[in-house]
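Trainee: Could you take me closely through one part of this model, the place where the two chains meet?

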Amino acid sequence: MKIIGLIIAVLTGALLIYGTVDFPEWADPASPASTHLSPHFIEKTMEETSVPNIVTAVLADYRGYDTMFETTVIFAAGVVCFFLLRILKKEGPRQRLYRHALTGMTIRIRDGEKRPSVLDEFERIDTMWTPYDVIIKTVCRLLIPFIQLFALYVIAHGHHSPGGGFQGGVILGASIILLAISQDLRTAIKRMSEKVDAILSPAGVFIYAGTGALCLLLGGNFLDYSALASILHVDPVTARSHGILIVEIGVGVAVMATLIWIYNNVSSAGKYDEGL
Amino acid sequence: MPELISTIVAKYNYWIYITLMMIGLYAMIAKNNLVKKIVGMSIFQTAIILFYVSIGAKRGATIPILEHGHGSSHITHAVDYINPLPHVLMLTAIVVAVATLGVALALAVKVYNQYNTLEEDEILTQMREK
Amino acid sequence: MSQQYPALLVVVPLLAALVICGAGWVNKRLCFPIAVAGLGVAAYSCIGLLLRVLDEGVIVYKLGGWDPPMGIAYYVDHLNGLVLVVVSVVALLNLIASKKSVAQEFPDKIGPFYALYVLMVTGLLGIVVTGDAFNLYVLLEIASLTGYGLLAMGEDRAPLAALNYLYMGTIGACFYLLGVGYLYIITGSLNMVDIARILPSLYQSKAVLGAFMICMVGVWLKMAFFPLHAWLPNAYTYASSAASSLIAPLVTKVMIYVMIRLILTVFTPEFAFNILAVSEPIVWLAVIAIVMGAILALGERNLKKMLTYIIIAEVGYMVGGAWLGNRVGMTGAILHIVNDALMTLCLFLVVGNIVHKVKGYAFEDLKGLFRKMPFTMCAFVVGALSIIGVPPTCGFFSKWYLISGAIQAGHYAFMVALLFSSLVNVVLFFRIIEIAFFEPFTDHHAHGHDHQPEPIDEAPLTMLVPLWIVAAALVIVGIYTGDIVNNIIQFAIPEGII
């Protein structure tokens, strides 16, 4: 297998390098890639969509259809991970472990035995000793709100600076995943339950596709945001800019929820216990 | 000789990416461990992303965010800004790569739960024994 | 509203998938009707679109209202109009047919299953309808990712098979993406029609050659063309019956459509057939694919796996037919996309019914099935006759075009391979019919029964009716082959190909 792999890799590489011989020079301003489509985007974006960040405009408007399916891809991955891994049947655990939050002491309750009525100060764990660290927990707890604030800024400011729905959504998702890593998965799920993930993830894509479908109902083509002008009471160009913002929010919601959903399923192998 | 050097200088970035791609491809075909194959897949996809991003480069140009925003009558020239299209395409490709990675890891977890190993030859031996 | 058919046929299933995913948390019984409604609207739009194309010619739909090549556009012509109808109808019929087996196999995950099912169909329809090379890649990944998920839920060996499929599929998709990148570097465009307009001045460029080769290899990986087929048999065999009877008829066929689209629209036939001297070796590869598929199928003692090897041989038919480089061969290849989708669907639905009732698909499980499941097995015979190529079933006609094309091109090896594989199919299917007809039924799954003559234990009507519609379609499409070729496929092939 090693030799076959080597032969295939060398042959493919040789073909690809042979193909590069006729490429235009790297970073040549006169290359076809820089002279055919991109001048239109660079010179006309401002007057056609009123968005200074050309990447955002091309992403969510000129090629908005690609981006809708980009969001759908990640949603599909979320559903696949859930479909493959999630174990929905509850197996009664033979024992339950609890850790006293203040002293770090672990108590074990065998199956069938009576549970003490006061378990407020205890947290449920899954192995006899689960690592925990006060410093990490506290620092992460402090950081998470700022991370989320920054994520909202990235989404909202995608028109004027690098950023947008996907980047912001990833940061938002990462903040919850950080909570799951620094505490445990159960804490994170308490904050954002499985059902919320599973509803928000299609809902985000729905915002995107629904905006497109709304344009269609208002008489434009699919995803033609200028058709939204009549309900937003603005001129068509500004409507495009607003439309981009709406779909970016949809992308952000979908990406955030789906990334958390994927993380929950993969890290706990579908059991939704304490995870990593 | 000077022509050769100028060709190398003009194209070497593409060659580096192609080499990276082939490293990934080799890992996907030749490695025995399922997760190493996934790592190879990631290298392959990332190399393609680098390849595309380098298409967007333009000498003497800056990032494609217009400095003179709303309300100015400034005329923008295409030569001043790099090509935004490859960046857009690669945002999409990054998402696709992440999604594929997620699904691949989920499948690997499922395989591991079943056979308690990720080495392909050990799995095949277990299958034959059954 | 008919102006919006091109958008509806992708958007409605997408929205349906999203709603299903949410509805699965509320009430599981809502999922199936929503899926049927979504795919029903899609099928209706596809048929309406095809009728409009027949009237008006090529339809261009600009997404977002942007003119191509700035934005993404759909180009619907006779070729993808036809394939769209096939994909949507096959998916809808299979959805209805597999309702019972889905409820049996995934009792607690009906919501995600239907969401993935409908998403996959969205992806496949999107691949067929799009006119943008990069958009095709994104939709290809949607169809693939959902496909990996659907195929991985099944028997014990399914996850590993699906993971191997994922590796190969990702390599294939990445190669395609790389090919598009090469094209973009030298043309600066992603729109297929625009690329085709720019390419003629670049035919001698080595980059075009590289792009062409890498795209082709990528597409071949995805369609399991012979040396690259290793992932297919296991992935399809161990999957659940609902998933395999969706994916087996559609994915390989859609990828063949992509290959034909690349030849006809993007790289243009002039480049593919005349400037590159690769037709001959590719047809030879197809010959090897057909022969190897047939031989490997002979070695199987397992109905479902045998069918997967037949698919590999059929892929060889279509690739070979497309690369013969003449009009008759191309007609045969396009017609065979339609026919093979229907034939494969018919046979996999039969397997689904057998699995539903007998819980197995090895040859030993088939004994006495003609008495136990007469209606299912009659449909099986129709499907088998069609795969063998007996008139008036549709399989005969596409094979006829392929063989005429081979003779016209003077490629007798391809003709011999086609005849050889037909003979092998005769052996394969009559062996099964013999087992199912003559050997007595042995029930090794339920031992409590008295030994009475086997009672008729047919699959439920929801499984039988779609199966019989497909079986009838095999004959009807066969009878109307002339009309399909003269009114649709004729216009799908550019004038340049004689």
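Mentor: What follows is a description of the interface between the chains.

This is a predicted model, in which local features need pLDDT of at least 70 and side-chain atom pairs count only at pLDDT 80 or more, while totals for chains, interfaces and linings use all residues. Residues are numbered from 1 along each chain as its sequence is written, chains are lettered from A and ligands numbered from 1 in the order in which they are written, and side-chain values use heavy atoms, with hydrogens and water left out.

Chain A brings 53 residues to the contact and chain B brings 48, contact meaning heavy atoms within 4.5 Å. Together the two chains bury about 4700 Å², with 77% of that on carbon and sulfur atoms; buried area is the accessible area (1.4 Å probe) that two parts lose on being put together, summed over both.

Between chain B and chain A there is 1 salt bridge, defined as a side-chain nitrogen of Lys or Arg within 4 Å of a carboxyl oxygen of Asp or Glu. That salt bridge joins B:Arg59 to A:Glu25, whose closest N and O atoms are 4.0 Å apart.

On the side of chain B that touches chain A, α1 (2-30), α2 (34-55) and α3 (85-115) each supply at least two residues, helices being DSSP runs (H or I, at least four residues) numbered from the N terminus. The largest share of that side, 18 residues, comes from α3(B). By class, the side of chain B that touches chain A has 33 nonpolar residues, 11 polar and 4 charged, where Ala, Val, Leu, Ile, Met, Phe, Trp, Tyr, Cys and Pro count as nonpolar, Asp, Glu, Lys and Arg as charged, and the others, Gly among them, as polar.
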